[in-house]
Amino acid sequence: MGIYVTRSCPKCGYAFEKFERNYVAIGQPFRACPKCESIVIFDHVKEWGLLSFEGKLGYIFCHIFTNLFLSLFGLILVLIYYTFVLGVDISSGERTENFAFVAFLSYLLTFAAVSAKRTVSFVRQINTSRKRMEEQKYREELIKMGLIKEEM
Ligand SMILES: [Zn+2]
């Protein structure tokens, strides 16, 4: 049994598909390999309480930015509806204004819906992380793996 810092088990090559993410995720930073039972540490998975202030801020900005980005879908839907379903030339005068208003409204509504849904799961992740960190046994495991230096 060894301790590794990677996304796939270096001992047997088992790939942790659930962790195939390029951004920092909140969660338990280690898992036991289901194939050979080695402890594998994921350097991109962190407990919320172990993130620095900048790390937390970065995570929140990333969350908001993703919400803003995903909301573009609402705007694109309106654009498709106007040009392909209604067959409206949105570049002509009054129609541009009308389209801009509907597109903006649609973007806001999508943003509200996307934010509500994603923020609920974001807060849930933080709470689950906090609960894990409250357990003495879990903290001792993290210390043993060098993920926490001292008892905080
Ligand atoms: Zn393994």
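These legends describe close-up views of a predicted model.

**Figure 1. Overview of the protein chain in the predicted model.** The protein chain holds 4 helices and 5 strands. Read from the N terminus, the order of elements is β-β-β-β-β-α-α-α-α. Of the 152 residues in the protein chain, 9% are buried. Among contacts with a separation of 6 or more, 58% join residues 24 or more positions apart.

**Figure 2. Packing of helix α1 against helix α3.** Helix α1 covers residues 53-70 and helix α3 covers residues 93-134. Their axes come within 9 Å and cross at roughly 145°. The crossing of α1 and α3 is right-handed. On the α1 side, the contact is made by His63, Asn67, Leu68 and Leu70. On the α3 side, the partners are Phe111, Val114, Ser115, Arg118 and Phe122. Sorted by class, this contact of α1 with α3 comprises 5 nonpolar, 3 polar and 1 charged residues.

**Figure 3. Packing of helix α2 against helix α3.** The axes of α2 and α3 lie 7 Å apart, at an angle of about 145°. This crossing of α2 and α3 is right-handed. From α2, the contact draws on Phe73, Gly74, Leu75, Leu77, Val78, Leu79 and Tyr82. These meet Phe99, Val102, Ala103, Ser106, Tyr107, Leu109 and Thr110 in α3. The contact of α2 with α3 has 11 nonpolar and 3 polar residues, and no charged ones.

**Figure 4. Leucine 72 in helix α2.** Helix α2 spans residues 72-85, and leucine 72 is part of this helix. Leucine 72 counts as partly exposed because it has 13 C-beta neighbours inside 10 Å; a buried residue would need 20 or more, and an exposed one 12 or fewer. The view also takes in phenylalanine 104, which is 32 residues from leucine 72 along the chain. The C-alpha atoms of these two residues are separated by 9.9 Å.

**Figure 5. Leucine 108 in helix α3.** Leucine 108 belongs to helix α3. With 13 C-beta neighbours inside 10 Å, leucine 108 is classed as partly exposed. Leucine 75 is 33 residues away from leucine 108 along the chain, and the separation of their C-alpha atoms is 9.1 Å. Leucine 75 is also one of the α2 residues that take part in the contact with α3.

**Figure 6. Tyrosine 59 in helix α1.** Tyrosine 59 is located in helix α1. Tyrosine 59 is buried, since 20 other C-beta atoms lie within 10 Å, and the cut-off for a buried residue is 20 or more. Apart from neighbours within four places in sequence, the contacts of tyrosine 59 are Val24 and Leu51. Alanine 25 is 34 residues from tyrosine 59 in sequence, with a C-alpha to C-alpha distance of 8.6 Å.

**Figure 7. Proline 10 in the loop between β1 and β2.** The loop that contains proline 10 runs between β1 (3-5) and β2 (25-26). Proline 10 is partly exposed, with 14 other C-beta atoms within 10 Å. Serine 38 lies 28 residues from proline 10 along the chain, and their C-alpha atoms are 9.1 Å apart.

**Figure 8. Glutamate 37 in the loop between β3 and β4.** Glutamate 37 is placed in the loop between β3 (30-32) and β4 (39-41). The phi angle of glutamate 37 is near 70°, a positive value in a residue other than glycine. Glutamate 37 is exposed because 11 other C-beta atoms lie within 10 Å, and a residue counts as exposed at 12 or fewer.

How values were computed. Residues are numbered from 1 along each chain as its sequence is written. This is a predicted model: local features need pLDDT of at least 70, side-chain atom pairs count only at pLDDT 80 or more; totals for chains, interfaces and linings use all residues. Axes are lines fitted to C-alpha atoms, for helices over the stretch in contact, and angles run from 0 to 180 degrees between N-to-C directions. Helices (H or I, at least four residues) and strands (E, at least two) are DSSP runs, numbered from the N terminus. A crossing is left-handed if the near helix is turned anticlockwise from the far one by less than a right angle, and right-handed if clockwise. Two residues are in contact if their C-beta atoms, placed from the backbone, lie within 7 Å. Ala, Val, Leu, Ile, Met, Phe, Trp, Tyr, Cys and Pro count as nonpolar, Asp, Glu, Lys and Arg as charged, and the others, Gly among them, as polar.
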